[in-house]
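Please open the model in your viewer, with the sequence panel beside it, and follow the stops below in order.

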Amino acid sequence: MNDHNNPQVARLPEHLKQFIVEQHYEKYTPIDQAVWRYVMRQNYDYLKDVAFYPYIEGLKRAGLSIERIPDLKTMNENLGKIGWGAVTVDGFIPPAAFMEYQAYKVLVIAADIRQIKHIEYTPAPDIIHEASGHAPIIADKDYAQYLQYIGEIGSKAMFSYNDFELYESIRHLSILKELHDANPEMLSKAENDVFEKQQSLGKPSEMALLSRLHWWTVEYGLIDTATGPKIYGAGLLSSIGESASCMLDSVAKIPYTIDAVNVPFDITQTQPQLFVTPDFENLITVLEEFANKMAFRTGGKSGLEKAIECKNICTVVLSSGIQISGVIDKIELDTNDEPSLIVFNSSVALAFNHKQLRGWDKSVLDKGFITPVGKIKNSAKLLEDLSDQEIEEFKNTGTDLSEFYFESGIVLKGVLRQLIKKNYKTIAIIFSNCRVYDSITGHDFYNEPEDFILTVGANVTSVFCGAADKDAYNQEAFISKKTTPNFVEYSAEIIQLHQLYDQIARLRKVGGSDLEIKKIWETLKSNYPEDWLASMELYEYLITEDKLPAISSEIKNSLEKTAIADPHLEKLVQDGFRVIKNQLKSFA
């Protein structure tokens with residue numbers, strides 16, 4: 001992996017690096033470059049008045065140009081100066097991974113770019129959205145702090161199997177939408193599949209709810225100013241259609257509070273309402289309010305129940321600090337409805353401070369795992385706080401057998417072989433010939449001669465999604481099998497169109513003869529009458545250089561006819577004329 005000498009990218013853990021793909025800059029076509037340029041020129045013309053952060057200054061600081069699609073090396077050189085980095089990935093990646101990248105202060109940028117038919121907006125992640133939307137505002141320290149913090153919170157959020165199925169459906173739909181030869185029947189089927197999965201999600205998980213807060217802030221957020229709401233959300237900043245329509249009175253502007261978590265969103269539609277924050281500090285206040293109810297902070301019975309619903313690898317943190325990572329099957333409760341025993345149905349690994357304990361990986365603890373939780377009966381001190389000598393006192397006189405009676409009624413009897421301690425606390429005890437049973441019902445939970453490890457803790461302080469030490473655990477990432485096609489076979493007709501776009505781009509740099517310009521226009525007019533963007537670029541060049549007024553007039557008339565014939569193109573054409581009229585100066 002090429003980290004482009006960016007320290008943030010270099011320190012990414014292995015489980016995140018597996019999502020990274022090469023940018024392959026050479027695969028961007030001249031049409032792709034023209035799409036980027038059109039969108040960026042429109043953005044500057046409009047966003048300079050409605051974007052919260054000075055847009056051009058933000059682009060420069062992130063290493064972006066209006067003229068050309070950014071390359072990852074330049075972006076990382078510039079983002080590195082403000083403590084961030086960037087990587088390219090293949091389309092949508094799982095929300096948990098996306099959030100964790102933000103926690104590491106790395107922007108995730110989809111390597112692909114939208115097609116010209118989706119130039120105003122695409123539900124698929126693309127380099128316009130990620131680079132021109134997220135990167136320019138990163139230089140704002142308050143916003144960058146929030147972006148990193150929501151990433152840290154999100155990396156611990158519980159998600160469900162239904163969440164992942166919905167993610168797979170959305171990813172599949174986004175890939176289909178950007179195919180050059182998308183089958184309408186397949187598209188319709190994929191859209192229905194997304195709708196059905198959205199309807200059958202059931203109670204939203206922590207990740208689903210947090211994704212709403214992320215959507216209404218990072219993607220579609222507005223911030224209040226003395227002159228009214230301004231845009232800071234990347235989804236709006238990168239959509240030349242919705243960045244304008246969102247400011248209409250028909251789009252409700254609602255004060256941003258924790259209530260936003262109750263408002264779902266649809267990535268395929270324009271948003272009927274937006275949320276306005278008074279400042280970025282309020283974003284963190286709302287996030288804290290939500291995080292305080294998440295399993296990684298509440299722990300206990302509710303946290304364990306969320307982990308069971310998750311049906312994925314989760315980590316349980318006990319009061320001693322020990323971390324147990326695996327798939328939780330069920331829990332036993334005491335008479336006070338508090339957890340008394342936790343049952344894992346998969347291989348588990350033990351860790352402390354997110355570092356796996358040597359000798360206690362999932363290859364060792366590979367037959368499931370149980371552990372009692374709670375206080376020891378008739379003990380003034382918690383088990384984790386007892387000295388070695390005090391623990392020795394649990395041994396029966398004249399035998400090697402130690403007996404631990406928990407207040408819950410759980411009993412552990414076994415030959416104590418070893419104490420594992422960290423920070424002056426006992427975090428685990430190893431027994432042989434151990435029996436764990438319920439003294440009330442007599443039910444045996446464990447009764448084997450081989451070693452049994454008791455993870456020590458009076459209570460469950462935290463539960464979060466994923467392994468404590470993901471790389472050591474070698475947790476299998478949810479990498480979709482649906483990949484974006486990385487090769488497009490263009491017809492001779494399209495290759496010729498690419499060449500025409502390339503010729504027009506060269507005109508802007510070094511100029512050209514009247515004969516060359518006339519040939520370009522004649523070819524466009526004859527062979528590509530529906531391609532409005534190449535005509536717009538040629539018209540821009542002629543107007544800017546004050547050349548061949550008869551041809552520029554003919555091109556303008558042709559574009560106006562195209563707009564009349566296709567209402568979808570009317571705004572794009574008129575917006576193109578407006579930008580040209582304003583005579584914006586591009587920068588490289």
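What you have open is a predicted model, in which local features need pLDDT of at least 70 and side-chain atom pairs count only at pLDDT 80 or more, while totals for chains, interfaces and linings use all residues. Residues are numbered from 1 along each chain as its sequence is written, and side-chain values use heavy atoms, with hydrogens and water left out.

**Whole chain**

Begin by selecting everything: along the principal axes, the C-alpha atoms fill a box of roughly 110 × 50 × 45 Å. Switch to a cartoon to see 23 helices and 19 strands, where helices (H or I, at least four residues) and strands (E, at least two) are DSSP runs numbered from the N terminus. Of the 588 residues, 54% count as buried, a term that means under 20% relative accessible area, with exposed meaning over 50% and partly exposed lying in between (1.4 Å probe, protein chains only). Taking a contact as heavy atoms within 4.5 Å, 66% of the contacts between residues at least 6 apart in sequence join residues at least 24 apart. With a surface drawn, the chain exposes about 26,700 Å², and carbon and sulfur atoms supply 49% of that area, as computed by the Shrake-Rupley method with a 1.4 Å probe.

**Helix α3**

Next, select residues 30-50, which form helix α3. Its 21 residues should span 30 Å at 1.5 Å a residue, the expected span being 1.5 Å times one less than the number of residues, and its end C-alpha atoms are 30 Å apart, which agrees. Because 16 of the 21 residues of α3 are buried, the helix is largely enclosed by the rest of the structure.

**Helix α7**

Now select residues 127-134, helix α7, in which eight of eight residues are buried. Among them are Ile127, His129, Glu130 and His134. Show their surroundings, and you will find the buried residues of α7 packing against α3, α4 (55-61), α5 (72-79), β2 (106-110), α11 (206-219) and α12 (234-237).

**Histidine 354 and lysine 355**

Move on to histidine 354, in the loop between β11 (349-352) and β12, where phi is positive at about 65° although the residue is not a glycine. Most residues other than glycine have a negative phi. Histidine 354 is partly exposed, with a relative accessible area of 39%. Lysine 355 is found in strand β12 (residues 355-356) and, at 60% relative accessibility, counts as exposed.

**The loop between β13 and α17**

Which residues does lysine 375 touch, not counting residues up to four places away in sequence? Select lysine 375, in the loop between β13 and α17, and look for Leu382, Tyr405, Phe406, Glu407 and Ala458. Lysine 375 counts as partly exposed, at 45% relative accessibility. Finish at asparagine 378, in the loop between β13 (369-372) and α17 (388-392), which is exposed with a relative accessible area of 76% and has a positive phi near 60°.
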